[in-house]
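Please have the sequence and the model at hand while reading.

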Amino acid sequence: MIAILGLVVGIVLGLIFQPDVPVGLQPYLPIAVVAALDAVFGGLRALLDGIFDDKVFVVSFLSNVVVAAAIVYLGDKLGVGGQLSTGVIVVLGIRIFSNVAAIRRHLLRA
């Protein structure tokens, strides 16, 4: 419940203040959003499975974002940023759809 409340508050604050993302960080924002969504759907799946732990969720959320951004940063420095960005999006997308499928199965069973 706290995660959903935090998400709603974050969206409302973003809509009110409309923050500008620095040009240097713009390539990393979509990757960070997808990594954060992966953590959110993983947390929702864990909640429905009865194994949710808020500490694990926070660490997963932060580490997903940092690791995904670091991979893309490394790719930019190596000159293959586009390929690594695509790889990160594919892997996280597969995880998101896997979690959504598990959530759907859980909700349809209930």
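With which side chain does the side chain of asparagine 99 make a polar contact? The partner is the side chain of arginine 45, at 3.1 Å. The model is predicted.

## Asparagine 99

Asparagine 99 belongs to helix 4, which spans residues 81-109. Its relative accessibility is 10%, so asparagine 99 counts as buried. Beyond neighbours within four places in sequence, asparagine 99 is in contact with Asp38, Phe41, Gly42 and Arg45.

## Salt bridges

The count of salt bridges is two. One joins aspartate 38 to arginine 95, with 2.8 Å between the closest N and O atoms. This pair links distant parts of the chain, since aspartate 38 is in helix 2 and arginine 95 in helix 4, 57 residues apart. Aspartate 38 is buried at 1% relative accessible area, whereas arginine 95 is partly exposed at 42%.

Arginine 45 forms a salt bridge with aspartate 49, and here the closest N and O atoms are 3.9 Å apart. The two residues are four apart in helix 2, and therefore about one helical turn separates them. Arginine 45 is partly exposed at 29% relative accessibility, and aspartate 49 is partly exposed at 45%.

## Nonpolar core

The largest nonpolar core has nine residues: Tyr28, Ile31, Val34, Ala35, Ala68, Val72, Val88, Leu92 and Ile96. Helix 2 (29-49), helix 3 (54-78) and helix 4 each give two or more residues to this core.

Leaving out residues up to four places away in sequence, isoleucine 31 touches Ala68, Ala69, Val72, Ser85, Val88 and Ile89.

Note on methods: Residues are numbered from 1 along each chain as its sequence is written. This is a predicted model: local features need pLDDT of at least 70, side-chain atom pairs count only at pLDDT 80 or more; totals for chains, interfaces and linings use all residues. Side-chain values use heavy atoms; hydrogens and water are left out. Buried means under 20% relative accessible area, exposed over 50%, partly exposed in between (1.4 Å probe, protein chains only). A polar contact is a pair of N or O atoms within 3.5 Å; within protein, one must be able to donate a hydrogen and the other to accept it, and residues adjacent in sequence count only if both atoms are side-chain atoms. Contact means heavy atoms within 4.5 Å. A nonpolar core is a set of buried Ala, Val, Leu, Ile, Met, Phe, Trp, Tyr and Cys residues joined through side-chain atoms within 4.5 Å. A salt bridge is a side-chain nitrogen of Lys or Arg within 4 Å of a carboxyl oxygen of Asp or Glu.
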